Amino acid sequence: MDGKKSEAHDAENDLSGRRLAKLSIAAIGVVFGDIGTSPLYAIRECFHGEYGIAVSPANVLGVLSLMFWSLLMIVTLKYLIFVLRADNQGEGGVMALTALIKSATGQVKNSRLTLVSIGLFAACLLYGDGMITPAISVLSAVEGIRIITPLFKPYVIPMTIMILGGLFMIQRRGTAKVGGLFGPVILVWFSVLAALGSIQIAHTPQVLAAILPWYGIKFLLVNKFHGFIVLGAVFLVATGAEALYADMGHFGKRPIRLTWIVLVLPALVLNYFGQGALLLTKPEEAHHPFYALVPSWAMIPMVVLATLATIIASQAVITGSFSLTHQAIQLGYLPRLRIRHTSATHMGQIYVGPVNWLLMICTIGLVLGFQSSSKLAAAYGVAVTSTMLVTTTLFYVVARRRWGWNQLTAGTLAGIFFLVDIPFFSANISKIFHGAWFPLAIGALFFVVMLTWEQGRKILATQIQTLTPSFETFKKSLNENPPQRVSGQAIFLTGSPGVVPSTLVQNLKHNKIIHSDIAILHFKTENVPRVPNFDKVKTVKLGGGFFQIVAYHGFMEDPKIGMILELAHEQGLDFKPEEASYYLGREKLSISSDPAMSRWRSNLFIFLSRNSMDAASFFGIPPNQIIEVGAQLQL
């Protein structure tokens with residue numbers, strides 16, 4: 001393992017009481033913020049939203065039963081017990097799961113390509129979720145001021161935009177300094193949720209009958225299509241389930257499971273049942289049953305606490321989008337972007353400027369376009385349910401191919417998950433013309449961008465390979481016509497370790513000289529989060545003053561030239577970073593008369609390439625030691 005172990009690995013190896021408590025409190029703020037703010041709008045959307053159903057005792061008990069069993073089946077059974085087992089060296093999330101599939105052996109190539117593609121699309125859908133979550137969460141919290149007094153109604157949208165704008169503005173400064181407050185604030189939030197629900201349940205204890213699954217089944221049988229549509233609102237209770245899996249690498253499995261069972265699940269169930277108990281006696285409060293639980297004297301503090309909770313939930317989703325972008329760049333699906341680490345102690349604290357501003361524009365645009373959290377709820381859920389379907393599919397493949405489960409065991413378990421996932425997906429996709437199209441459109445946009453970038457780079461790599469000789473051919477030509485050699489060290493970056501870099505060929509062609517010591521360096525991203533230091537570098541002496549360096553890194557790591565040469569030095573390769581000359585290629589791209597990609601995709605690739613971060617900055621190469629060699633390439 002790397003010298004810097006993640007907190008997740010430390011937690012699994014040293015789970016003392018204090019350590020476990022510390023990680024669990026930290027997990028409360030990051031992992032459970034999204035799912036923890038669902039009580040603000042989930043019950044309301046079932047009875048008062050655009051597709052709301054009549055507030056009757058049978059319907060209230062039916063909805064509560066569906067919510068209770070959804071939390072048990074989706075979050076507890078599917079994710080916490082089974083899906084969390086599918087980790088990629090401690091990391092979770094659909095991108096890590098896709099990397100597991102990508103590296104799996106024993107599969108038909110086309111089948112693996114299809115699975116990787118749907119996994120990539122599911123990851124892209126999370127960008128849409130990253131835009132909707134802050135909008136609906138903060139807006140639903142701020143809407144509480146209308147209950148304090150109707151005079152505040154005109155200020156709901158402006159206040160929401162101000163809060164969201166401030167949230168995105170502070171991203172570049174990092175949240176490490178205030179991150180320590182996240183856990184305690186969300187801990188207070190869950191405690192208040194449980195207290196408010198418990199008080200109301202004590203007044204109407206018959207609501208506890210909803211624990212029986214029959215009430216949920218009866219609700220669907222009696223209400224038929226309308227009851228099926230309401231499933232889209234019921235699903236709002238589980239919209240943060242993917243975060244449990246994605247954040248596994250930061251905290252480890254045990255703290256997440258413990259926190260869910262001991263605190264989060266009881267608090268959520270108590271609050272949902274408390275809101276249901278309130279509706280049994282006061283059905284007219286369906287327009288905002290959450291705030292109806294709050295005593296009038298505590299309304300202002302409650303709005304403030306809810307707003308803080310939703311800000312924290314939004315922060316976790318934004319950080320998740322940054323992390324997803326980082327992984328996509330390292331896996332070759334996005335062009336290089338400037339990744340800024342905002343904390344020296346937390347690996348997950350990064351900032352990606354273009355993604356941040358895109359999220360801000362779209363999130364504020366959603367608030368202005370939909371105007372209320374109820375209307376936004378129609379767009380919420382389809383991205384997460386789609387991702388859950390993909391997670392179940394990929395989980396089945398991992399269970400069969402990597403764990404060796406038999407078809408009956410893996411198929412039965414996946415079948416149970418599909419029985420839950422498919423109805424929720426169908427209920428959400430039925431709202432396609434009422435806003436559900438938005439996250440699908442965002443996901444499709446990122447998916448096209450990622451596939452275009454990956455395919456474009458493959459086209460250029462193939463073209464470069466045809467223009468450059470193999471090392472054996474190159475070495476033979478040097479022996480036949482020896483060039484002048486000058487004392488010094490030169491490092492040539494290459495995208496393919498098996499061929500001579502075009503920069504080396506062009507430099508020799510035009511300058512007629514080469515250095516006495518030449519290293520051909522290739523960076524290779526592995527389908528694992530991190531590569532241990534002792535496996536990071538492989539060096540080969542090619543003879544004649546030539547050396548080959550292959551630098552391996554995981555999709556959660558940032559490869560830097562200084563560390564690579566330091567590790568190469570330990571293997572006997574004495575290249576001095578401060579003295580060597582670095583040769584980089586600068587590609588001038590154009591579109592051929594018969595492009596390998598469609599013309600619009602070729603133009604998109606050129607646009608992305610021009611706006612990509614330069615290799616020197618990305619790999620930490622000293623700018624005053626760089627020599628660039630141009631090359632004309634066609635798509």
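Modeller: Axes are lines fitted to C-alpha atoms, and angles run from 0 to 180 degrees between N-to-C directions. The model discussed here is predicted.

Colleague: Why are helix α9 and helix α17 called roughly antiparallel?

Modeller: The axes of α9 (residues 156-169) and α17 (residues 353-370) cross at roughly 170° and come within 10 Å. Angles over 145 degrees count as roughly antiparallel, and α9 and α17 are therefore given that description.

Colleague: Which residues of α9 and α17 make the contact?

Modeller: From α9, the residues include Ile157, Ile161, Leu164 and Phe168, and from α17 they include Trp357, Leu359, Met360 and Ile364. By class, this contact of α9 with α17 has eleven nonpolar, four polar and no charged residues.

Colleague: What makes α21 and α25 roughly perpendicular?

Modeller: Helix α21 (residues 437-467) packs against helix α25 (residues 599-610) at an angle of about 85°, with the axes 9 Å apart. The range for roughly perpendicular is 65 to 115 degrees, and the term therefore applies to α21 and α25. Among the residues in contact are Trp453 and Arg457 of α21 and Trp600 and Arg601 of α25. The classes in this contact of α21 with α25 are nine nonpolar, four polar and two charged residues.

Colleague: How do you know that strand β7 pairs with strand β3 and with strand β8?

Modeller: Pairing requires at least two bridges. Strand β3 (residues 484-493) is joined to β7 (residues 581-590) by three bridges, and β7 is joined to β8 (residues 626-634) by nine. Phe492 has Tyr583 in β7 as its bridge partner, while Leu589 stands opposite Leu633 in β8.

How values were computed
Residues are numbered from 1 along each chain as its sequence is written. This is a predicted model: local features need pLDDT of at least 70, side-chain atom pairs count only at pLDDT 80 or more; totals for chains, interfaces and linings use all residues. Side-chain values use heavy atoms; hydrogens and water are left out. Helices (H or I, at least four residues) and strands (E, at least two) are DSSP runs, numbered from the N terminus. Angles under 35 degrees count as roughly parallel, over 145 as roughly antiparallel, 65 to 115 as roughly perpendicular and the rest as oblique. Contact means heavy atoms within 4.5 Å. Ala, Val, Leu, Ile, Met, Phe, Trp, Tyr, Cys and Pro count as nonpolar, Asp, Glu, Lys and Arg as charged, and the others, Gly among them, as polar.
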